[in-house]
Amino acid sequence: MANQKVNALIVGAGAGGGVVAKELSTAGMSVVLFEQGDWISYDDHTNDELHSERNPVLGNACGPDDNRYRRVNVFPDGSQHIVLPSEGDYNNISACVGSGTVTYGALAWRYMREDFKMKSTYGHVAGSTLDDWPISYDDLEPFYEKAEWEIGVSGDDTLNPFAAPRNKPRPMPPFSHNKEAEILKEAALRLGYHPFSMPMLRNSIPYDGRPACYRMRTCIGYACPVSAKAGTHNTVIPVALKSGNCELRTNCIVSEIMVDNNGKITGVSYFDRNNRKKTQLADIVILSASAIETARLILNSKSKFFPNGIGNENDWVGRNLQGHAYPHAYGLFDEEIYDDFGPGSSVGICDFNHHNSGIIGGGYLANSFIRMPYSFSGVRPPGEKMWGKQHKEFQRNNFKKMAEIHGPYQEIPNFDQRVEVDPSVKDYWGIPVPRLSGKAHEDDIKGCSFLANKAELWLKEAGAVKTWKGFGIANSVSAGQHQAGTCRMGNDPKTSVTDKFGRIHSVPNLFVADGSLHVTNGGFNPALTIMALGYWVGGHIASEWNKGNRFKS
Amino acid sequence: MEIRNQYKLSRRKFLQLAIMGSGGILLFAKCNSSASSWRFFSNAEAQLMDALADQIIPPDEWPGGRESGVTNYIDKQLVGPYQRFQAKYRKGLQAIQSNCETEFQRKFEKMAWTEQTAFLEQMEAGKMKGTDWADGFDREFFDLIRTHSMQAFYGSSRHGGNKDNVSYKMLKLDYPLIIGQNRYKS
């Protein structure tokens with residue numbers, strides 16, 4: 001039996017798509033929400049480091065799986081590699097209901113005002129596509145607030161003088177620090193920095209029917225056993241389903257956006273859970289499949305009307321792919337600083353996000369999440385043995401004496417770091433896979449070096465007796481779980497893919513609502529901004545729909 | 001379900017179950033040595049693996065790679081998610097042994113501890129000679145063994161290594177984390 005046509009279909013039930021589904025369905029629109037993965041339960045993988053989303057050497061507990069998925073990476077030397085989801089170069093985000101919001105570290109940042117005005121703030125940067133967003137922080141502020149209250153954020157800006165102004169506090173108080181973070185907080189104060197407990201999409205107190213976090217050491221990379229970590233899967237998606245207007249279709253792989261004989265978008269074709277090819281018609285199509293997969297889907301949707309992919313008339317789809325470089329420093333202490341009070345990563349500073357001399361942008365710095373034993377076995381000072389007696393002793397002697405400070409450096413986007421579709425490699429369903437190429441802008445090294453030095457200085461002030469650092473810049477594509485930028489929004493169709501509401505410039509009824517829209521990616525984890533954009537785009541569609549706009553022109 | 005239970009089963013029992021359950025997956029191992037008590041490795045390969053595992057993670061006041069089950073972990077993964085590394089293990093282990101027999105007239109596991117260490121340091125540094133190790137295969141294979149041994153020893157015991165959660169105990173880390181029961185038995 002053919003599927004009934006709906007008002008809107010959404011591809012991807014992650015940070016963006018989950019929010020859009022809730023906004024449209026509660027406004028009375030009929031919605032189908034497609035997700036390539038399934039619902040995830042903690043019991044499926046518990047706290048097994050080798051299946052965690054951060055270190056999935058034996059396979060991603062929350063998908064995608066190694067059997068059916070592939071990507072191709074092109075390295076700067078021109079060599080090409082087929083990569084599996086369990087390999088780092090895949091740039092994986094969880095494939096499940098909630099997607100990365102199930103397994104993320106749940107940092108709940110609003111970007112700063114400057115993050116939306118990078119070109120105005122820093123001027124033109126040669127070799128880059130650095131630009132302003134077509135919307136400002138103040139445009140997005142109410143939608144950040146909605147995300148904070150509907151999905152649930154803990155935190156307080158009182159101690160962070162660099163935070164952009166807000167109309168309403170967050171709904172939950174900030175988290176307390178563990179021993180390591182307390183030591184680092186005191187050191188930051190001595191250095192004249194402005195440390196504070198970072199905002200989290202995680203319950204510090206019971207909220208919205210879900211319990212408070214009980215401070216496990218395994219959090220980032222894992223599903224939460226008690227649902228204290230908030231994602232779209234345990235907040236807005238259930239609201240959407242409860243509205244009675246939204247059908248969630250899991251284990252479905254959307255392969256192509258369909259175009260009729262007049263060049264109008266009519267829906268999508270997809271493979272259902274039994275790998276049968278099907279179609280779903282809709283008045284409006286919204287792509288929320290993440291920066292790599294959204295671009296892939298557009299580029300795989302070729303027709304006589306759109307020979308280069310839908311909305312790709314000016315070759316901007318898939319361009320400006322960016323993630324975050326992670327400059328970092330490690331410090332070893334004489335005493336144990338580990339008190340097993342998880343999940344770590346709580347003390348942060350925004351002193352170096354902007355207005356650093358000679359640097360474009362910057363990023364926040366913070367202590368990192370608790371590092372699990374296998375991951376720790378790969379962290380050693382330069383020159384230290386990586387195996388044998390000395391390695392084992394180092395592990396035993398220092399596991400509870402090491403701190404890491406790192407931060408996401410806001411990359412300078414460039415045109416040549418990009419997503420294409422591979423001409424020959426296909427996935428299990430026969431769909432051409434994403435092909436990633438390019439690398440970060442060469443000036444990124446300055447910002448990363450600057451932040452790594454600040455991180456090291458901070459650790460030394462805290463009493464670390466040995467420190468070492470790294471710039472955290474990939475030698476190839478930078479995308480990772482913070483992937484963004486491949487369908488940037490803008491006012492000029494010649495230099496962007498969508499308008500300021502996420503609508504593809506040349507197509508009236510095709511929208512994007514995920515990190516693809518980001519013109520620049522902030523010196524912050526992007527999840528809350530993607531959620532806010534979900535409210536921004538979804539809210540726009542719903543209000544227009546209820547005014548009678550059917551997005552036909 | 002399957003993953004969790006395998007660890008508790010005897011190897012023979014597991015093999016029977018695996019053969020019933022997944023047919024052809026063990027053909028490679030069976031062709032290689034019909035008498036092997038392992039899933040992928042021959043008995044001779046497993047002995048070499050044990051020696052390598054002890055070099056990577058030597059026994060001291062805590063068990064080393066061999067005793068903690070590194071070989072069992074790698075053997076198990078090679079017929080699971082690491083099937084793609086089967087050919088490399090077969091080739092690499094063979095190359096190590098033939099190198100040792102040519103140069104030292106002994107198998108690797110019969111060499112003195114310091115000789116073994118020196119041999120692996122040569123591999124790690126990419127200084128091995130001969131066609132077996134062309135195109136940087138010495139470093140690549142060493143890194144594979146090193147990485148997989150670390151996973152075995154420091155990863156969850158449900159995958160066949162880290163016997164009795166030995167590494168977590170060594171690190172004084174309560175494990176596994178279970179709600180309401182946050183301690184292992186000593």
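This is a predicted model: local features need pLDDT of at least 70, side-chain atom pairs count only at pLDDT 80 or more; totals for chains, interfaces and linings use all residues.
The structure holds 3 cavities of 30 Å³ or more, and the largest cavity takes up about 230 Å³. Its lining is made of 17 residues, and those closest to the centre are A:Glu180, A:Phe369, A:Ile370, A:Arg371 and A:Met402. Sorted by class, the lining of the largest cavity comes out as 9 nonpolar, 5 charged and 3 polar residues. As for where these residues come from, strand E14 of chain A (residues 402–406) gives the largest share of the lining, with 3 residues.

Next come the aromatic rings. Searching the whole structure turns up 32 aromatic pairs over all chains. A pair of this kind is described by two things, the distance of the ring centres and the angle of the planes. Take A:Tyr69 and A:Trp429: their ring centres are 5.4 Å apart and their planes meet at 70°, and since an angle over 60 degrees counts as edge-to-face, that is the label for this pair. The two partners sit 360 residues apart, so to speak, in distant parts of the chain. A:Tyr69 belongs to the loop between strands E2 (31–34) and E3 (71–74) of chain A, while A:Trp429 belongs to the loop between strands E16 (418–426) and E17 (432–437) of chain A. Are these two residues buried or exposed? With buried meaning under 20% relative accessible area, A:Tyr69 counts as buried because its value is 6%, and A:Trp429 is buried too, at 10%.

One aromatic cluster in chain A is formed by A:Trp109, A:Tyr111, A:Phe116, A:Trp133, A:Tyr137, A:Tyr144, A:Phe196, A:Tyr364 and A:Phe524.

The charged end of A:Arg71 sits over the ring of A:Tyr90, 4.1 Å from the ring centre. Over the ring of A:Phe415 sits the charged end of A:Arg319, again with 4.1 Å to the centre.

Finally, there is chain B. Looking at contacts in chain B with a separation of 6 or more, 56% are between residues 24 or more positions apart.

Key. Residues are numbered from 1 along each chain as its sequence is written. Chains are lettered from A and ligands numbered from 1 in the order in which they are written. Side-chain values use heavy atoms; hydrogens and water are left out. On a 1 Å grid over the protein atoms alone, a cavity is a set of points where a 1.4 Å probe fits but cannot get out, and a pocket is an open set with protein on both sides within 12 Å along at least five of seven lines; lining residues have an atom within 4 Å of a point. Grid points are joined across faces, edges and corners, and a volume is the space filled by probe spheres set on the points. Helices (H or I, at least four residues) and strands (E, at least two) are DSSP runs, numbered from the N terminus. Ala, Val, Leu, Ile, Met, Phe, Trp, Tyr, Cys and Pro count as nonpolar, Asp, Glu, Lys and Arg as charged, and the others, Gly among them, as polar. Rings of Phe, Tyr and Trp (its six-membered ring) pair if their centres lie within 6.5 Å; planes under 30 degrees apart count as stacked, over 60 as edge-to-face and the rest as tilted. Buried means under 20% relative accessible area, exposed over 50%, partly exposed in between (1.4 Å probe, protein chains only). A charge sits over a ring if NZ of Lys or CZ of Arg is within 6 Å of the ring centre and within 35 degrees of the ring normal. Contact means heavy atoms within 4.5 Å.
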